[in-house]
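Please examine the sequence and the model that follow.

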Amino acid sequence: MATPRGKWIGARVKRVEDPRFLTGDARYVADLTLPRMVHAAFVRSPYGHARIKGIDASAALAAPGVIAVITHADVASVPPLQDPIALDGLKKTPQTILASDKVRFVGEPVAVVIAEDRYLAEDAAELVQVDYEPLPAVTDAEAAMAEGAPLLFEDLGSNVVYDQTYRFGDPDSAFQQADRVFKKRLHTNRFMASPMETRGCIGQYDRGLGELTFWSSSQMPHMLRLSLAGFLGIPEQKIRVITPEVGGGFGQKMTLYPEEVVVAFLARHLQRPVKWIEDRRENLMSATHGKEQIIELEAAVKNDGTLLGLRATCIGDGGGYSFNTASALVEPQASALMMPGLYRVAHYEGRVVAVVTNKTPVGAFRAVGWTAGHTARELFFNEIARELGMDPVEFRRKNMIHEDELPYTTCTGQVYDSGSYVKSLDMALQAVGYDELRARQEELRAQGRYLGIGISPYVEPTAWGSEIALQVGFPFPSHDNARVSIEPSGKVTVAVTTHSHGQGHETTLAQVAADILGVDLADVTVVFGDTASTPWGMGTYASRSAVIGGGAVTLAAQEVREKILKIAGRMLEADPADLVLADGKVSVQGAPDRSVTLAEVAVSSYFVNSVRAEGEDPTLTATRFYDPKATYSNGCIVVVAEVDPETGQVRLDRVVSVEDCGTILNPMIVDGQIHGAVAQGIGGTLYEHLVYDDQGQLLTGTFMDYLLPTATEVPPIQVEHLETPSPVTVQGIKGMGEGGLMASPAAVAGAVIDALAPFNPKVEELPLSPERILRAIGTITD
């Protein structure tokens, strides 16, 4: 459904929400203080794997300011957390909100201390004595799969919680017809969202009303409310969830955590507001991790570079629990089912294995699953091209889906509605000056300098509605609502259930409504983050807000627009079809002097009976639901890097990103999303790694050891835009939040490997630290 563009959609508008952030007026959970509020500090396991034999809280209870110490025995009535994914063969791993008989990762909450202030609570938490019986740990997914490995869940009889092979076409025949068969293995690193604001929440229970108010740094307020109702037995309508400013989420905050259930339980149990804010060390060791997979690929290829078939084994290291949102499948399932990517692969076999280990559980993190799979495939294709003596661009062009083949249904069932696959590749290569760079590369090698070019075209599943969730292997409903209202003043309020935690929704969704209703951007207020003032919905994740939120706002605003034109037509004695709604007024087409302001229309609708038909609703408001058809964005990222083979140091010279997200709502905000995602990809390729020892101890538990890229490590990023509106979504909008992180690791790693091609590097693990680079080229050997 297309809507003609007006003044705002597509405009590079400054974010209307930024003044409160820049002036320090934004309020986060940590800024909130309530009367009689107490503070929680969690006692966390120091062991990766151990039995709990007993807990002695007497010293903590005697400490100053301590109100209570709560263990599993106190919360045993609360059901355990487990994932809701209904797939045959997926084993469940229930997690009690405080560990009962066993701990399975360092940082798992075992007890909680409540005190008058945070410092007293943290001091007292150190006094809680837990009697642990250490058990052998397993921190490698393949080792965890082996017979005789220590079992995290003895009743399951295995650490493998899912093992399924999917076959599409006839891969065996494809491999029999191949001139060449290539193989690759890649172990992607474990890294995480690291939002600027860590997790945190406050619970307040009103005993007289039987109501719980819960503030949380969450991406999904309504889903959090639903979960709390289920776990605590409080009617959903008696729970209000408020998510104030949220300082970044990236998927980490779409998860329900045990700590949130504990805090809500304590608020009711103690009859006092309870607050918990985690510190950075807690975030690194206890909030969900992401990205780690072991991927083995095989490709059947003709000598001319034609790709005949593909096989993949994707082993996901799920950590201590198959976590309670999308389960331990969240990485390998997404990876395996998107493995064909934007290439013609008619014959494919994908094995998905999900394993639990004694590490922090894995959850959603921007471009979940797709990052690892895309990186492995693109680096593999570089190796194949090199072995065949082909330019990596030539190999991709030969096998890439072309625009005239769209819509295209992949062998795994994804329906690519539209796109610009070849065009975005060509635009990126032209922008970076590919031919000149190849010539420059040869010149520099003659001088002993090693320049490399990494190319990473991609297709990105977006608009996470029910259809696309099913197509990429996670069968659950995913839809949302929006409410648009015009007050008697003529001003517009948009209430949405998608949550903004840095993406600029207050600007982009206002642009959508302003265009449809013909008002100034300043006349639109976007409301979100409070279940008491917004319609029910599923929140923000998987690049769905622009498509689903924008689509629902469009539908609701169009309904309100029709009401406005109907009322104005009666006021102006004109056919609504002959009216123009723009610049805050309604006028007769061709006779602009015959007009009324939007405020006059609104006042008349609310208060003048004569402009309404008998029984007609006087309010200018509409609530609309939207669950879009599947749509896929695409683009291409090219990175230029120079590597010093003596030190293993990498310098990134250029990053070019071409993005096609259909109808662009605000190019400035799209650019910002790309910059942030690419920066995360650079970090995950070269620096970030959550390292565990054999006993499950996290060795990178501070920012001294877990390295995040800074402004000095991220080069200038050149962003180019293409617009191929989706034919299946409202306004032709596609999502675009994931592609930068999905595609940039393959481009960065590809550039490093390409630079070192004369050394024939063997890269099987990420990140590409200087030491690992030197090992790959043989400078360092064991």
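Q: How many salt bridges does the count come to?

A: A salt bridge requires a side-chain nitrogen of Lys or Arg within 4 Å of a carboxyl oxygen of Asp or Glu. By this rule there are 50 salt bridges. The model is predicted, so local features need pLDDT of at least 70 and side-chain atom pairs pLDDT 80 or more, while totals for chains, interfaces and linings use all residues. Residues are numbered from 1 along each chain as its sequence is written, and side-chain values use heavy atoms, without hydrogens and water.

Q: Are D172 and R311 buried or partly exposed?

A: Buried means under 20% relative accessible area, exposed over 50%, and partly exposed in between (1.4 Å probe, protein chains only). D172, at 34%, is partly exposed, whereas R311, at 18%, is buried. The closest N and O atoms of this salt bridge are 2.8 Å apart.

Q: Which residues touch the most other members of the largest nonpolar core?

A: A nonpolar core is a set of buried Ala, Val, Leu, Ile, Met, Phe, Trp, Tyr and Cys residues joined through side-chain atoms within 4.5 Å. Among its 146 residues, these are I384, Y416 and W464. Helix α19 (residues 739–755) gives the most to this core, with ten residues.

Methods
Helices (H or I, at least four residues) and strands (E, at least two) are DSSP runs, numbered from the N terminus.
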